[in-house]
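Subject: Structure handover

Hello,

Here is the structure I said I would pass on. My notes follow below it.

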Amino acid sequence: MIIEVKRLIALKKYVGNFQFNMAPLADKLILPLAEVDGDINVEGEYEIYDDDSVGVSIKISYKLKGQCSYCLAEAEKSVAYSYEALFVPDKNDADNYYYDGARLNIQPAVDDAFVFSQPEVLLCTSCAQSQV
Ligand SMILES: [Zn+2]
């Protein structure tokens, strides 16, 4: 999704929100025996600050489905994850995401949120119970 930062500043619209679904990113899946069932739901808010940096809060949710990491039985898990990103028009700022000061594509932050959101193991109901 693109945020037209320059245009929004001209319109004095400094905050807004977004919501969209996207197809799962198969090449960004960490667990080898799992896949995303259905789409990834993405929603969030952005705020454009005085120095043209843009704070983006992202919430993603989806269902992970596949084989239990321990016993290979069928397993699934609903995942919800929140992620904060700051986009800055400064290429030398290695701590934040870069954008050109005019149009901001939030996709790199959404991709990272998806990677960070994934559990290290996917467990079936019985393995999840014996873990406690
Ligand atoms: Zn299991």
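Of the 132 residues in the protein chain, 21% are buried, where buried means that 20 or more other C-beta atoms, placed from the backbone, lie within 10 Å of the residue's own. This is a predicted model: local features need pLDDT of at least 70 and side-chain atom pairs count only at pLDDT 80 or more, while totals for chains, interfaces and linings use all residues. Residues are numbered from 1 along each chain as its sequence is written.

The C-alpha trace spans about 55 × 30 × 25 Å along its principal axes.

The chain has 3 helices and 7 strands, which are DSSP runs numbered from the N terminus (helices H or I, at least four residues; strands E, at least two). Their pattern along the sequence is β-α-β-β-β-β-β-β-α-α.

Five strands form an open sheet with mixed pairing, in the order β2-β3-β4-β5-β6; two strands pair if DSSP finds at least two bridges between them. Strands β2 (15-22) and β6 (97-98) are at the edges with a single partner strand each, so one side of each has no neighbour in the sheet. Strands β3 (residues 34-48) and β4 (residues 54-67) pair in the antiparallel sense over 12 bridges. Glu35 is opposite Lys65 in β4.

Regards

Technical notes. Buried ≥ 20, exposed ≤ 12 C-beta atoms within 10 Å, placed from the backbone.
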